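Visitor: I am new to reading protein structures. Could you walk me through one?
Guide: Gladly. Have a look, then ask away.

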Amino acid sequence: KDLGMKETGILVSCSDYHIFYKLKMTRREAMEHYLSVVRECLETGVSPRCHLEDITRADFYGFVVPFVNEIMDISADAGIPVKIRACDTMGYGVPYTEVALPRSVAGIIYGLQHYSGVPSEMLEWHGHNDFYKAVANSGTAWLYGAASVNCSLLGIGERTGNTDLVTLAMNLYSQGVDL
């Protein structure tokens, strides 16, 4: 706040792998810890962007939805929007609509909007390219309602790379999306 920041990112790991093995917490402990940080940000007037790390290996209905519901309630009470960034940390997400959660990118975006009330403008996708699906997954996330997609030039960055901006733009353009 003293630095004049209006927004900050908060890493909120949501898979059991991260909660149990990295953080050495229970789900409840992790959720309460994350929510305390979100509350502190909001109390200082800084809008948090919650990075739901490893969402494609998380218990979507058992952890992600209840957690994001709490975030949305806290956001509404504070009158300050909270952005939700769905992070496919390991690149396990797939763009096919018939795939079950937590792997379904369409299901994740749909679920965050319809089960947790995250408005499209507060929802973004951050995909990794471990299995060469970053562009397809990002296009799916955008088409299903994520207002933004994290991209990089030439797909360079973070281990195996992130979604390439030019490739995603060309893919969406070829589908008739007015960019």
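This is a predicted model: local features need pLDDT of at least 70, side-chain atom pairs count only at pLDDT 80 or more; totals for chains, interfaces and linings use all residues.

Visitor: At what angle do H5 and H6 pack, and how far apart are their axes?
Guide: The general idea comes first. Two packed helices are described by the angle between their axes and the distance between the axes. Now the case here. Helix H5 covers residues 134–143, and helix H6 covers residues 165–174. Their angle is about 55°, and their axes are 10 Å apart. H5 and H6 are therefore oblique to each other.

Visitor: Which residues make the contact between H5 and H6?
Guide: H5 supplies Val135, Ser138, Gly139, Trp142 and Leu143. H6 supplies Thr167, Leu168, Asn171 and Leu172. Sort them by class and you get five nonpolar, four polar and no charged residues.

Visitor: Let me step back. How many helices and strands does the protein have?
Guide: The protein has six helices and five strands. Read from the N terminus, the order is β-α-α-β-α-β-α-β-α-β-α. The radius of gyration is 16 Å, close to the 16 Å that the globule rule gives for 179 residues, so the protein is as compact as a globular protein of that length. Along its principal axes, the C-alpha trace spans about 45 × 35 × 30 Å.

Visitor: In what order do the strands sit in the sheet?
Guide: Here is the general idea. Strands of a sheet pair through backbone hydrogen bonds, either parallel or antiparallel. In this model, five strands form an open sheet in the order E1-E2-E3-E4-E5, and the pairing is parallel.

Visitor: Which strands stand at the edges?
Guide: Those are E1, residues 7–11, and E5, residues 148–149. Each has a single partner strand, so one side of each is left without a neighbour in the sheet.

Visitor: How many bridges join E1 to E2?
Guide: Five bridges join them, and the two strands run parallel. Strand E2 covers residues 47–52.

Visitor: Which strands does helix H2 touch?
Guide: Helix H2, residues 27–43, packs on the sheet and touches E1 and E2. Its direction makes about 175° with that of E1. Helix H3, residues 60–78, also packs on the sheet. H3 touches E2 and strand E3, which covers 83–88. The direction of H3 makes about 175° with that of E2.

Visitor: How do H2 and H3 pack: at what angle, and at what distance between axes?
Guide: Use the angle and the distance again. The angle is about 20°, and the axes are 11 Å apart. That makes H2 roughly parallel to H3. H2 passes H3 in a right-handed crossing.

Visitor: Which residues of H2 and H3 make that contact?
Guide: From H2, they include Met31, Tyr34, Leu35 and Val38. From H3, they include Phe63, Pro66, Phe67 and Ile71. By class, the contact of H2 with H3 has eleven nonpolar, two polar and three charged residues.

Visitor: At what angle do the axes of H3 and H4 cross?
Guide: They cross at roughly 40° and come within 10 Å. That makes H3 oblique to H4. H3 passes H4 in a right-handed crossing. Phe60, Val64 and Val68 in H3 meet Gly107, Ile108, Gly111 and Leu112 in H4. These residues divide into five nonpolar, two polar and no charged.

Visitor: Now the backbone. Is the peptide bond from Leu101 to Pro102 cis or trans?
Guide: Here is the general idea. Most residues other than glycine have a negative phi, and most peptide bonds are trans. The bond from Leu101 to Pro102 is cis, with omega near 10°. Pro102 lies in the loop between E3 and helix H4, which covers 105–114.

Visitor: Is phi of Lys24 positive or negative?
Guide: Phi of Lys24 is positive, near 55°, in a residue other than glycine. Lys24 sits in the loop between helix H1, residues 16–22, and H2.

Technical notes. Residues are numbered from 1 along each chain as its sequence is written. Side-chain values use heavy atoms; hydrogens and water are left out. Two strands pair if DSSP finds at least two bridges between them. Helices (H or I, at least four residues) and strands (E, at least two) are DSSP runs, numbered from the N terminus. Contact means heavy atoms within 4.5 Å. Axes are lines fitted to C-alpha atoms, for helices over the stretch in contact, and angles run from 0 to 180 degrees between N-to-C directions. Angles under 35 degrees count as roughly parallel, over 145 as roughly antiparallel, 65 to 115 as roughly perpendicular and the rest as oblique. Ala, Val, Leu, Ile, Met, Phe, Trp, Tyr, Cys and Pro count as nonpolar, Asp, Glu, Lys and Arg as charged, and the others, Gly among them, as polar. The radius of gyration is taken over C-alpha atoms; the globule rule is 2.2 Å times the number of residues to the power 0.38. A crossing is left-handed if the near helix is turned anticlockwise from the far one by less than a right angle, and right-handed if clockwise.
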